[in-house]
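Dear colleague,

My findings are set out after it.

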Amino acid sequence: MREPVNRTILLLDIERFSRRDDVVQAVLRRTLNTVVDRTLVTAGVEATQQYREDRGDGLIVLISGDVAKTAVLRALLTVTPELLHDHNRLASGGAQMRLRMVLAAGEVAHDPQAGTTGGLVGHDLNQAFRLLDSDALRRALAGQADEHCVLAVSTPVYEGVVRHGHHGIRPELFRRTEVTVKDGVLSAWIQGDGGGGTAADGGGVAEVAGGGSAGGGSSPSPAPRPPAHAQGPNPASAPPPSGGAVFHFHGNPVVHGSLVGGDQHGVSGGHVTGNVILGGSGPGVGSAPADRGGESRSEDGGRS
């Protein structure tokens with residue numbers, strides 16, 4: 001057996017593969033290889049930097065440690081869903097393809113035997129397969145009818161890459177889950193599972209400023225407030241205050257008779273003649289002379 005080497009581990013599995021007939025299975029297998037080809041090219045993975053093993057309904061892909069995991073993760077989150085969307089948009093109902101995917105990392109050894117293919121050995125690879133086959137990941141995909149794939153990352157990948165929020169990677173979209181396996185409990189982080197959980201405990205929706213939520217909810221925006229009136233409204237159009245007329249006199253006005261209604265501002269040094277009624281209503285309001293009703297004379301004798 002060769003010495004184990006650290007590898008990025010990518011596992012992919014086609015949902016409900018065994019329920020298809022042989023012709024459809026062959027089409028799905030070819031499509032999966034094309035999707036993986038284009039995804040890895042986008043991530044900058046050369047042919048010499050990868051090892052693939054056909055698993056019938058899926059693939060094992062081991063990627064050299066020289067390739068940045070951030071690049072692989074970004075491609076899985078963007079390119080892979082788009083390629084699956086393009087396929088499913090044109091495929092018949094029986095040839096639709098949805099994927100469960102796991103991205104992990106660890107030590108993997110290769111122990112090929114004469115006359116056989118494969119021969120991969122490693123605890124980290126075994127744990128990645130347990131994530132791929134877990135009920136949690138299957139439920140996550142089944143619960144997203146409008147999505148074409150679901151991705152789970154191992155704890156080392158989450159801690160080393162995802163949680164730091166590198167370009168194109170949003171840690172808030174990953175939810176932690178516990179997977180029970182035969183030798184204990186295994187933690188994983190599932191992206192876009194629609195569970196509405198927080199990254200730490202899988203429950204609740206984080207509130208954001210403005211009454212919305214991190215889960216995409218939003219509250220109606222408050223109605224816009226009407227613009228405030230400018231100081232000193234036009235006496236001809238502004239309604240009088242509910243408590244009666246308000247008068248502001250400056251200087252030493254001489255007031256003789258007449259009715260003055262509405263807000264009066266800036267009367268300085270002027271003369272207002274006639275009967276003046278302050279506050280409330282007095283007799284003769286409705287019959288005030290036409291040339292004086294609501295009008296005052298300025299200091300130069302003109303109407304204002």
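The notes that follow cover the nonpolar cores, the salt bridges and one backbone feature.

Please bear in mind that this is a predicted model.

Nonpolar cores

The largest nonpolar core has 40 residues, and Leu12, Leu99, Leu103 and Val153 touch the most other members. At least two residues of this core come from each of β1 (5–14), α1 (22–42), β3 (58–64), α2 (69–90), β4 (99–110), β6 (149–154) and α5 (155–160). The greatest contribution is that of α2, with 8 residues. As for Val153, its contacts beyond four places in sequence are Leu73, Leu103, Tyr158, Val162, Phe174, Ala188 and Trp189. As general background, nonpolar side chains in soluble globular proteins tend to be buried together.

Salt bridges

The structure contains 11 salt bridges. In one of them, Arg100 pairs with Asp13, with 3.2 Å between the closest N and O atoms. Because Arg100 belongs to strand β4 and Asp13 to strand β1, this pair ties together parts that lie 87 residues apart in sequence. Both partners are buried: Arg100 has a relative accessible area of 3%, and Asp13 has one of 9%. Asp13 and Arg100 are also linked with Asp133 and Arg138 in a network of salt bridges.

A salt bridge also joins the side chains of Arg98 and Glu15, at 2.9 Å from N to O. This pair connects distant parts of the chain, with Arg98 in the loop between α2 and β4 and Glu15 in the loop between β1 and α1, 83 residues apart. Arg98 counts as buried at 15% relative accessibility, and Glu15 counts as buried at 14%.

How exposed are the partners in the salt bridge between Arg130 and Asp183? Arg130 is partly exposed, with a relative accessible area of 23%, and Asp183 is partly exposed as well, at 49%. Their closest N and O atoms are 3.2 Å apart.

Backbone at Arg16

Arg16 is not a glycine, yet it has a positive phi of about 55 degrees. Most residues other than glycine have a negative phi. Arg16 sits in the loop between β1 and α1 and is exposed, with a relative accessible area of 51%.

With kind regards

Conventions: Residues are numbered from 1 along each chain as its sequence is written. This is a predicted model: local features need pLDDT of at least 70, side-chain atom pairs count only at pLDDT 80 or more; totals for chains, interfaces and linings use all residues. Side-chain values use heavy atoms; hydrogens and water are left out. A nonpolar core is a set of buried Ala, Val, Leu, Ile, Met, Phe, Trp, Tyr and Cys residues joined through side-chain atoms within 4.5 Å. Buried means under 20% relative accessible area, exposed over 50%, partly exposed in between (1.4 Å probe, protein chains only). Helices (H or I, at least four residues) and strands (E, at least two) are DSSP runs, numbered from the N terminus. Contact means heavy atoms within 4.5 Å. A salt bridge is a side-chain nitrogen of Lys or Arg within 4 Å of a carboxyl oxygen of Asp or Glu.
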